[in-house]
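Subject: Structure handover

Hello,

Please find the structure below. My notes on what was found in it follow.

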Amino acid sequence: MVSLPKFSTLFTWALYLIPVYIFVLDPLVRGFFPSLLAPPSGSDDLFDDSSAPGGINLTDDSFISPEDGVPFNCPSAEGYRVHLLSREPLIIYIENFISETEANHILDMSVNKYTPSIVYDGQTERVDPNKRLSDRALLDRDNTVRCLEDRARAFQGWRPDLYIERMWAQRYNASGHYRHHYDWAGSLARGGDRFSTFMVYLDADCEGGGTNFPRLRMPDGEGWCRFLECEGDGKGKGEMGVTFKPIKGNAVFWENLRADGTGYPETWHAAFPVTKGTKVGLNVWSWYQPKRRNRLGR
Ligand SMILES: O=C(O)CCC(=O)C(=O)O
Ligand SMILES: [Fe+2]
């Protein structure tokens with residue numbers, strides 16, 4: 001006759017299962033199905049939640065700017081000022097991240113290179129003006145761009161296994177926008193993921209076009225109203241939803257991934273539609289790929 005296990009045996013098994021869940025099952029689920037763990041978006045979301053996360057095509061690594069030893073000369077003084085918006089996820093507002101001369105130089109070098117921006121749904125890259133209406137230009141890695149790569153690396157404490165991606169200027173004319181999305185893709189288990197984002201405003205001769213985070217809470221402190229939309233849509237302190245005004249030269253920096261490599265749901269964000277004029281943004285993304293150096297023998 002089959003005898004049932006004793007209660008004390010079942011209890012011991014259950015104790016063994018706890019570390020299996022914490023150290024094996026939970027990280028696996030977070031790595032492969034990050035969207036299962038993301039909370040639903042707030043009802044104050046201007047756009048729907050249907051956009052696929054990411055936009056990263058992992059089929060090759062030509063999107064990374066290799067450290068190739070090419071020399072570059074940077075301005076001796078970097079005059080940026082930082083303001084901490086959030087510790088978890090880490091979000092830092094940076095005044096004057098890029099000088100007027102640098103911003104104008106990048107605007108000039110990209111002006112003839114724009115093509116319609118694409119979205120990537122994990123399988124195909126396509127133009128989808130419903131999700132993203134802007135033009136983008138891949139920047140040559142000239143002296144100015146290399147200095148920005150260097151600044152972005154230094155800002156993050158020269159963190160190991162972090163690679164600056166090739167930079168794109170993004171131009172939004174009237175009605176240009178990018179619906180809510182994550183910059184991370186939940187792809188660390190497949191090799192790497194986008195660890196952090198600098199959203200740099202190169203040109204902001206526009207109305208609208210703010211960078212919106214519906215899952216962040218409005219901070220206290222009048223000082224923030226220089227950089228955030230405080231009025232108009234009735235947003236008060238402590239309310240959900242933060243919109244950064246596009247201001248030439250300034251940048252928003254945020255970390256996309258937790259220490260365990262999973263993406264922060266709070267980083268769900270959008271480029272609100274430009275209603276008048278033109279906004280040009282610069283994406284400076286840092287790619288985290290722990291095994292890259294070994295795999296390529298660098
Ligand atoms: O332009 C913005 O405000 C945000 C752009 C953005 O989120 C992106 O390009 O991934
Ligand atoms: Fe983004």
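Helices (H or I, at least four residues) and strands (E, at least two) are DSSP runs, numbered from the N terminus. This is a predicted model, in which local features need pLDDT of at least 70 and side-chain atom pairs count only at pLDDT 80 or more, while totals for chains, interfaces and linings use all residues; side-chain values use heavy atoms, with hydrogens and water left out. Residues are numbered from 1 along each chain as its sequence is written, and chains are lettered from A and ligands numbered from 1 in the order in which they are written.

Two backbone points come to begin with. Trp 158, in the loop between helix H4 (143–155) and strand S8 (162–164), has a positive phi of about 50° although it is not a glycine. The peptide bond from Glu 88 to Pro 89 is cis, with omega near -5°; Pro 89 is in the loop between strand S1 (81–87) and strand S2 (90–95). For context, most residues other than glycine have a negative phi, and most peptide bonds are trans.

Next, the iron ion (ligand 2). Its protein donors (N, O and S atoms within 2.8 Å of the metal, or 3.2 Å for Na, K and Ca) are His 181 (NE2), Asp 183 (OD) and His 269 (NE2), at 2.1 to 2.2 Å. Along the chain these donors follow the spacing H-x1-D-x85-H. His 181 in strand S10 and His 269 in strand S15 are 88 residues apart, so the pair links distant parts of the chain. Water is not among the atoms, so sites may look incomplete.

Then ligand 1. The residues around ligand 1 (a heavy atom within 4 Å) include Arg 132, Tyr 172, Lys 279 and Trp 285. Strand S10 (177–181), strand S15 (269–271) and strand S16 (274–288) each supply at least two residues of this shell, and S16 gives the most, with three.

Polar contacts are pairs of N or O atoms within 3.5 Å. An oxygen atom of ligand 1 is 2.5 Å from a side-chain N or O atom of Thr 211.

Regards

Notes. Polar contact = N/O pair within 3.5 Å; in protein donor to acceptor, adjacent residues only side chain to side chain.
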